[in-house]
Structures are given as structure tokens and as C-alpha cells.
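Hello,

Here is the structure I promised to pass on to you. Please have a look at it first, and then read on for what turned up.

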Amino acid sequence: SVALAETVLDGAGDSAAELAGRGLADSLRLAGSPYDLWAGICRTSPDLDEALARLIRALERIRAGLSRDDLARSFDRANRLYKSLRRLE
């Protein structure tokens, strides 16, 4: 969430809020929490480093897929997860 916020701000700067919609706000929900709340979690989470490594690998696969026009598997997997989460609402 924080990395996404930084990416949007790096690309759109102060006009990001004017250009974005509700989906971005939903994606940034955790970034709306104060750092003090997350500082201890970040320092003590033994799995955070590996989770970030998996995220980086996923982004690299998507980036490589862009150049090969081969993103169907990534989108299919993401779509299945999204649909399963929607059932929880």
C-alpha cells in the first residue's frame, strides 16, 4: 500500500488525488494508517522480508509478461483470488 502510494506520487505528484478514483483509495487503505501503528509490526514480522521478495518476483514476472504480451495466467490467478474474496463480503 505504501509502495503503491509512492509509485502514484512519483508519477502524478500532487495531482494524484485529482486523477485517481475510488479503486486507488481502496488500495491505499493501509497507507492511511499512521506509521507508529506499523513500525513495530514491520520491525518484528519475521515473514515481511520474504513477502516483499515474493511481491518483487511477481512484479518482475508481470513486467516480463508485458514485453511478451503474456499476462493471461497472472490475470486469471488474480481474478480467481478477487472472486473468492468477494464471497467474504
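Of the 89 residues in the protein, buried ones make up 7%. Please keep in mind that this is a predicted model. The accessible surface comes to about 7800 Å², and carbon and sulfur atoms account for 56% of that area.

As for the fold, the protein has six helices and zero strands, so the elements read α-α-α-α-α-α from the N terminus on. With a radius of gyration of 16 Å, well over the 12 Å that the globule rule gives for 89 residues, the protein is more spread out than a compact globule. Its C-alpha trace spans about 40 × 35 × 30 Å along the principal axes.

Now to the charges. There are 14 positive and 14 negative side chains, and 9 Å separates the centres of the two sets. How many salt bridges does a search of the whole structure find? The search gives four. Here are some details on them:

- Arg22 and Asp26 pair through their side chains, with an N to O distance of 3.7 Å. Both residues belong to helix α3 (residues 22-27) and sit four residues apart, about one turn of the helix. Arg22 is exposed, at a relative accessible area of 65%, whereas Asp26 is partly exposed at 43%.
- Glu50 and Arg57 form another salt bridge, and their closest N and O atoms are 3.0 Å apart. Both ends are partly exposed: Arg57 has a relative accessible area of 37%, and Glu50 has 38%.
- Arg68 and Asp70 also form a salt bridge, with 3.6 Å between the closest N and O atoms. Arg68 counts as exposed at 53% relative accessibility, because the exposed class begins over 50%. Asp70, at 43%, counts as partly exposed.

Through salt bridges that share partners, Glu50, Arg54 and Arg57 are joined into one network.

I hope you enjoy looking through it, and do write back with any questions.

Best wishes

Terms used: Residues are numbered from 1 along each chain as its sequence is written. This is a predicted model: local features need pLDDT of at least 70, side-chain atom pairs count only at pLDDT 80 or more; totals for chains, interfaces and linings use all residues. Side-chain values use heavy atoms; hydrogens and water are left out. Helices (H or I, at least four residues) and strands (E, at least two) are DSSP runs, numbered from the N terminus. Buried means under 20% relative accessible area, exposed over 50%, partly exposed in between (1.4 Å probe, protein chains only). The radius of gyration is taken over C-alpha atoms; the globule rule is 2.2 Å times the number of residues to the power 0.38. Accessible areas come from the Shrake-Rupley method with a 1.4 Å probe; for residues, only the protein chains shown count as cover. Lys and Arg count as positive and Asp and Glu as negative; His and the chain ends are not counted. The place of a charge is taken as NZ of Lys, CZ of Arg, CG of Asp or CD of Glu.
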